Amino acid sequence: MDNMLNEEIEIIKSKLNENIEGNMEVYQNFHVGEFLEIPNQCGCFKRNSSWYTYVTDEKNFCTFSGPFSLKGIIYACSKLLHISKKFNKYRFTKEELEIYINNNFHSFNEIDNNIK
Amino acid sequence: MELREQKIAFNNMSSEDIYNLVKNSSESWAVEGYDLITPDNAKDFVKIITNSTGKTSFNLEWPKYGGYEPITISSIDDLSGKIPVSRDGGDGGYTMGFGKNKDGTYANNSQRAIPKGSADVNTGTFDIDLYKSSVDIVTSEGSMSSKIQKLIELGIDDEFAEDMIKDFNNWKTRPEIAGENNISEGIALSRKSIESKYGYYGNAAEWNVGNVKMSGGAGQMNTIYSWGTLKQSGIISDIGKAVIN
């Protein structure tokens, strides 16, 4: 992993931690900077210079959402964790909201074919 | 090795070898998460697929038509009031059990046709009327902002209104809705005409695999929103946990 990616992962963790009682460790099925394709997990990872969220269901079916900037992924992650009320200053721009609502991908291939 | 060759090699393995291969892999969930899958029957349960990253992966050979007995599939439009629901899985899934047995217990895993002995399930009370009112808005013509405004007027927080619209878009692309052997194909078998926009309910189909017999019969729903969004929006309340066997 390059230094910039590591820095961004730490920024995401730190911003989320600021608004989580205890800290992020309580969310054992949430992963920053790492895509774990096993059931009932969620998190975010960077691909092709952009950030994406992911959610897997009980049958291991994956949904990816993005691409987001660093600020956008912090808010998107707060939504995954159901703590977005505490992240008002990170709220999506109109364009990011369109991406959040409309970009639901189910494979890396779909991401790569749709996001240039 | 190409996927086709990997599938051939996999299909030529013994059940015990498949069980051990999966158990010792990074995807051991496919057998360890389902304790009724054993070295004797793993070959009947486990399949090899291409996963979302394009690599080969293990999963279960899940029943067709979203797990429903086709003749029982109906539209959630037919339901009303508040009903008990339960779900074995995280916030990201769109399927749940509904109703309870006569003795007040939730359906067990045999009734749900899930190959495991027991589970901790999430429980709650589902407000069907609020759900249907929100679906009417989310599935209507109009701009995203007008839908969000109408959902707010319905009493839904604006942040969760966004999630509802997102979930509906996602639901339409899910395998049980748009994939092979989807729920609509099950409905077609029974030659019924069903209003699909509210999602579906019915009974889990019997599932017999190898030496494992699962009775089916549990009430089951597929909603257009994920469990997490249903909770956050207040459509599911009285959140709790229960152990089923």
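In the predicted model, D157(B) forms a salt bridge with K85(A), and the closest N and O atoms of the pair are 2.8 Å apart. This pair crosses between chains: D157(B) belongs to the loop between α7 (144–153) and α8 (158–171) of chain B, whereas K85(A) belongs to the loop between α2 and α3 of chain A. Side chains of opposite charge can pair when their charged atoms come close. A further salt bridge joins the side chains of R91(A) and D158(B), with an N to O distance of 3.2 Å.

The interface between the two chains was then examined as a whole. In chain A, 32 residues are in contact with 32 residues of chain B. The area buried between chain A and chain B is about 2,700 Å², and carbon and sulfur atoms give 48% of this area. The interface also holds 26 residue pairs in polar contact, counted where both residues have pLDDT 80 or more. On the side of chain A that touches chain B, β4 (62–68), α2 (70–80) and α3 (94–102) of chain A each supply at least two residues. Of the elements of chain A, α3(A) gives the most to this side, with five residues. By class, the side of chain A that touches chain B comprises 12 nonpolar, 12 polar and eight charged residues.

Two backbone features of chain A were also noted. Most residues other than glycine have a negative phi, and most peptide bonds are trans. The peptide bond from G66(A) to P67(A), however, is cis, with omega near 10 degrees. P67(A) is placed in strand β4 of chain A, an element that supplies at least two residues to the side of chain A that touches chain B. N40(A) is not a glycine, yet it has a positive phi of about 60 degrees. This residue, N40(A), lies in the loop between β1 (30–32) and β2 (42–47) of chain A.

Within chain B, the domain assignment gives domain 1 (3–60) and domain 2 (65–244). The C-alpha centres of domain 1 of chain B and domain 2 of chain B lie 28 Å apart. Nine residues of domain 1 of chain B are in contact with 10 residues of domain 2 of chain B. The area buried between these domains of chain B is about 760 Å², and carbon and sulfur atoms give 72% of this area. Y34(B), L36(B) and F45(B) supply 56% of the area that domain 1 of chain B buries against domain 2 of chain B, more than any other three residues. Between the domains of chain B the count of salt bridges is zero, while three residue pairs are in polar contact, with both residues at pLDDT 80 or more. The side of domain 1 of chain B that touches domain 2 of chain B has five nonpolar, two polar and two charged residues.

Chain B also contains an open sheet of seven strands, in the order β3-β7-β10-β5-β4-β6-β11, with antiparallel pairing. The edge strands of this sheet are β3 (74–75) and β11 (236–244) of chain B, each of which pairs on one side only. Strands of a sheet pair through backbone hydrogen bonds, either parallel or antiparallel. Strand β4 (residues 82–87) and strand β5 (residues 95–98) of chain B pair in the antiparallel sense over two bridges. S86(B) stands opposite G97(B) in β5(B).

Definitions and conventions. Residues are numbered from 1 along each chain as its sequence is written. Chains are lettered from A and ligands numbered from 1 in the order in which they are written. This is a predicted model: local features need pLDDT of at least 70, side-chain atom pairs count only at pLDDT 80 or more; totals for chains, interfaces and linings use all residues. Side-chain values use heavy atoms; hydrogens and water are left out. Domain bounds come from an automatic or database domain assignment. Contact means heavy atoms within 4.5 Å. Buried area is the accessible area (1.4 Å probe) that two parts lose on being put together, summed over both. A salt bridge is a side-chain nitrogen of Lys or Arg within 4 Å of a carboxyl oxygen of Asp or Glu. A polar contact is a pair of N or O atoms within 3.5 Å; within protein, one must be able to donate a hydrogen and the other to accept it, and residues adjacent in sequence count only if both atoms are side-chain atoms. Ala, Val, Leu, Ile, Met, Phe, Trp, Tyr, Cys and Pro count as nonpolar, Asp, Glu, Lys and Arg as charged, and the others, Gly among them, as polar. Two strands pair if DSSP finds at least two bridges between them. Helices (H or I, at least four residues) and strands (E, at least two) are DSSP runs, numbered from the N terminus.
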